[in-house]
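Student: I would like to learn how to read the contacts between side chains in a protein model. Could you take me through them step by step?

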Amino acid sequence: MIKVIFFTENGRNLAERIPDEKQLIDGRTGVTEQNLSEAFVKKIPLAFIGATGIAVRLIAPYIKDKTTDPAVICMDEKGRFVIPLLSGHIGGANELAEKIASELDATAVITTATDVNHTFAADIFAKENGLGILNPSAIKTVSSKVLAGQVLSVKSAPTHRLYQSDYKKYLRPVQGNDERPDIDIVGNDWLVSILNAAGIDPFMPLPERFTREELLLNAGISDRCLYLYEKNICVGVGCRKLTGFDEIFPFLKDVMQHKNLCMASIDSISSIDIKKDEPGLVNLSGALGVPFKVYTADELKKAEGHFKPSPFVEAQVGVDNVCERAAALSAGHGAVKLVGKMKTERVTISIYRKGLR
């Protein structure tokens, strides 16, 4: 879904031509502030139809970090040009601009250097491989080396990502323990350890980018190396109606801490579709900055694996287990159950790890 904001009748006419699922917002009525805030919190793509200066001024108070900001694009009201303004790679603004330009027979104006030069982009590599970015400021160091024609040294276990067809000419495994990598893809245990060393609670959401980068620098983590980490944890949650965030989150934190699983590694929260508007789960998804996925009872029944059944739950929602089945579906083929159903009086949680990507 895209939020499309226009300011003229010509803009409205162009907005209506966009075939994607969309919400049309008339900027002349002064209702943009609430929509902008929602887009940045929920990572909903924004498309402005009008002058880029208007778009820039409107989004400026909400911009935080290239790894979390939503895609923002801008179009002239004649539909000739589509310009990505924010989050071109991770948020997908470049891809969205090219898609809409194709649909409207317009020209996408892409300005990111790695795209213009058709070369390796570290943030795209991270996104396509399900990796989080610990210190985004190091992306510019990596990109400058690529643009200078250098091959990047990468420390990763396993190394299969280095041989993907789109990336193998840009990446190579580090040669021995003495070579300092340009990119270090770290596992859960290293991530928990280094966050602890930096004074960052690994069982809470990561602090905002510049705060954590300063803490990491103080802990001796080089800003010349880009650190990526696995985002491969899928959390399934069941809860009673109107169970609050302040009851769900502490239980999740306890479970993650008990299993020594970093909160930053969570890739999604999931549940049954009748919980899609449950405030506690919606707020949990927002606090973690991850998607909230929901499945029908029939979809949950098709999950593969062994699940702890509950006749009571089946009588209430039509399937014998919500949290384990939802987590298993989100984690996909080859997933590993890390935490079976754990429960309090009002909440159930299960955790799966995705299979090798």
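The dialogue below turns to ring pairs, salt bridges and backbone angles.

Tutor: Keep in mind that this is a predicted model, in which local features need pLDDT of at least 70 and side-chain atom pairs count only at pLDDT 80 or more, while totals for chains, interfaces and linings use all residues. Residues are numbered from 1 along each chain as its sequence is written, and side-chain values use heavy atoms, with hydrogens and water left out.

Student: How many aromatic pairs does the structure hold?

Tutor: Rings of Phe, Tyr and Trp (its six-membered ring) pair if their centres lie within 6.5 Å, and planes under 30 degrees apart count as stacked, over 60 as edge-to-face and the rest as tilted. The structure holds seven such pairs. In one of them, the ring centres of Phe120 and Tyr167 are 5.6 Å apart and the planes stand at 90°, so this pair is edge-to-face. Because Phe120 lies in the loop between α5 and α6 and Tyr167 in the loop between β8 (152-156) and β9 (171-173), the pair ties together parts that are 47 residues apart in sequence. Helices (H or I, at least four residues) and strands (E, at least two) are DSSP runs, numbered from the N terminus.

Student: Is Phe120 buried or exposed?

Tutor: Buried means under 20% relative accessible area, exposed over 50%, and partly exposed in between (1.4 Å probe, protein chains only). Phe120, with 2%, is buried, and Tyr167, at 6%, counts as buried too. Ring pairs also link Phe120, Phe125, Tyr167 and Tyr170 into a cluster.

Student: Which residue forms a salt bridge with Lys99?

Tutor: A salt bridge is a side-chain nitrogen of Lys or Arg within 4 Å of a carboxyl oxygen of Asp or Glu, and a search of the whole structure finds 22 of them. Lys99 is bridged to Asp20, with the closest N and O atoms 2.1 Å apart. This pair links distant parts of the chain, since Lys99 is in helix α4 and Asp20 is in the loop between α1 (9-17) and β2 (22-26), 79 residues apart. Lys99 is partly exposed at 39%, whereas Asp20 counts as buried at 15%.

Student: Where is Asp105 found, and what is its phi angle?

Tutor: Asp105 is found in the loop between α4 (93-104) and β6 (107-108), and its phi is near 55°, a positive value in a residue other than glycine. With 73% relative accessibility, Asp105 counts as exposed.
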